[in-house]
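Thank you for making the time this morning.

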Amino acid sequence: MGDLKQHSLIKAQERLRDQVGHALRAALIAGELRPGSIYSAPGLAAELGVSATPVREAMLDLAREGLVEPVRNKGFRITEVSERELDQCTELRTLIEVPTVGRVTETADKEQLEALRPLAEEIVTNAREHNLIGYLEADRRFHLTLLGLAGNDRLVETVGDLRKRSRLYGLTGLDEAGKLVSSAEEHVELLDLMIAGDRQAAEECMTRHLGHVRSLWAEARDEPVERAAGRLGPVRKN
């Protein structure tokens with residue numbers, strides 16, 4: 001029985017770690033944790049209403065994703081992405097994703113493409129319901145699953161890494177202005193074009209979509225600094 005109790009304790013700790021990680025990602029997206037700023041685990045723990053241990057564990061998870069970097073004896077710095085780096089990531093994604101979408105349009109079964117429709121619609125629903133975490137997660141799954149139909153795991157891995165490096169910050173203002181919905185709807189448009197077998201139109205849509213994402217990111221960076229104020233709420237422990 002002792003082993004079972006220990007197992008239950010580990011599961012509870014893992015769930016808390018996941019909840020903290022979810023809260024920190026939400027704060028990053030909302031712009032409550034600013035790029036370049038350093039945050040201590042005890043300080044964040046106090047705002048979240050948990051101990052420092054699950055915060056440190058969650059921050060290490062974020063560090064592996066490239067979202068933060070450890071700063072010795074201080075905490076974690078939210079990593080910054082320069083305009084030049086973002087342009088480079090966008091260029092690489094365009095070089096990879098546009099022709100891949102074109103190829104998949106000609107090689108994938110319509111049933112494989114149609115299976116992605118629930119994800120495309122989920123992106124739109126999340127945008128309309130102001131669910132930014134859900135929006136970005138569904139967007140990630142849609143793009144990587146679509147690219148996966150090309151059968152090149154390394155390509156999917158590369159694009160996944162580029163997405164992490166060019167992640168979006170401060171989307172709250174754009175969401176409130178309704179600017180995410182049009183970008184979300186492009187996923188449904190892209191899927192319809194691919195199912196119709198229109199390679200050229202699908203490639204043009206993908207090019208436009210990546211440019212749209214780049215513009216949204218630039219607008220997010222220009223949001224007022226006041227949005228950066230820490231407003232982390234307590235984590236609800238189940």
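**The sheet, the helices and the charged pairs**

Let me begin with a pairing you can find on the screen: strand 2 and strand 3 run antiparallel to each other and are joined over four bridges. Please keep in mind, as I go on, that what we are looking at is a predicted model.

Within that pairing, Glu-69 stands opposite Arg-77, the latter belonging to strand 3. If we step back to the sheet as a whole, it is an open one of three strands in the order 1-3-2, with antiparallel pairing. Its edges are formed by strand 1, which covers 38-39, and by strand 2, each of them pairing on one side only. Lying across strand 2 and strand 3 you will find helix 3, residues 52-64, which runs at about 120° to strand 2.

Between strand 2 (68-71) and strand 3 (75-78) there is a loop, and this loop holds Asn-73. The phi angle of Asn-73 is near 65°, a positive value in a residue that is not glycine. Is Asn-73 buried or exposed? With a relative accessible area of 77%, and with the limit for exposed set at over 50%, Asn-73 counts as exposed.

The chain has 11 helices and three strands, and, read from the N terminus, the elements follow the order α-β-α-α-β-β-α-α-α-α-α-α-α-α. Of the 238 residues in the chain, 44% are buried. If we consider the contacts in the chain with a separation of 6 or more, 77% of them are between residues 24 or more positions apart. The accessible surface comes to about 12,600 Å², and carbon and sulfur atoms account for 50% of it.

That brings me to the charged side chains. As a general point, side chains of opposite charge can pair when their charged atoms come close. How many salt bridges does a search of the whole structure find? The search gives 15, and I will go through several of them in turn.

One of these joins Arg-141 and Glu-122, whose side chains meet at 3.8 Å, N to O. Arg-141 is in helix 7 and Glu-122 in helix 6, so that this pair links distant parts of the chain, 19 residues apart. Both partners are partly exposed, Arg-141 at 34% relative accessibility and Glu-122 at 30%.

A further salt bridge is formed by Arg-128 and Glu-185, with the closest N and O atoms 3.0 Å apart. Here the link runs from helix 6, which holds Arg-128, to helix 10 (residues 179-195), which holds Glu-185, and the two are 57 residues apart. Arg-128 counts as exposed, at 53% relative accessibility, whereas Glu-185 is partly exposed, at 35%.

Because Glu-186 lies in helix 10 and Arg-208 in helix 11 (residues 199-221), the pair ties together parts that are 22 residues apart in sequence. Glu-186 is buried, with a relative accessible area of 8%, while Arg-208 is partly exposed, at 41%. Elsewhere, Arg-17, Asp-61 and Arg-64 are linked in a network of salt bridges.

I would also like you to look at Arg-117, which lies in helix 6. At 18% relative accessibility Arg-117 counts as buried, because the limit for that label is under 20%. Which residues does Arg-117 touch, leaving out those up to four places away in sequence? They are Val-188, Leu-191, Asp-192 and Ile-195.

Let me end with the cysteines. A search of the whole structure finds zero disulfides. Cys-89 is buried at 8% relative accessibility, and Cys-205 is likewise buried, at 2%.

Note on methods. Residues numbered from 1 in each chain as written. Predicted model: local features only at pLDDT ≥ 70, side-chain atom pairs only at ≥ 80, totals over all residues. Heavy atoms only, no water. Buried < 20%, exposed > 50% of the residue type's maximum accessible area, 1.4 Å probe, protein only. Salt bridge = Lys/Arg side-chain N within 4 Å of Asp/Glu carboxyl O. Pairing = 2+ DSSP bridges. Contact = heavy atoms within 4.5 Å. Axes fitted to C-alpha atoms, helices over the stretch in contact; angles between N-to-C directions. Disulfide = S-S within 2.5 Å. Areas by Shrake-Rupley, 256 points an atom, 1.4 Å probe, with all protein chains shown as cover.
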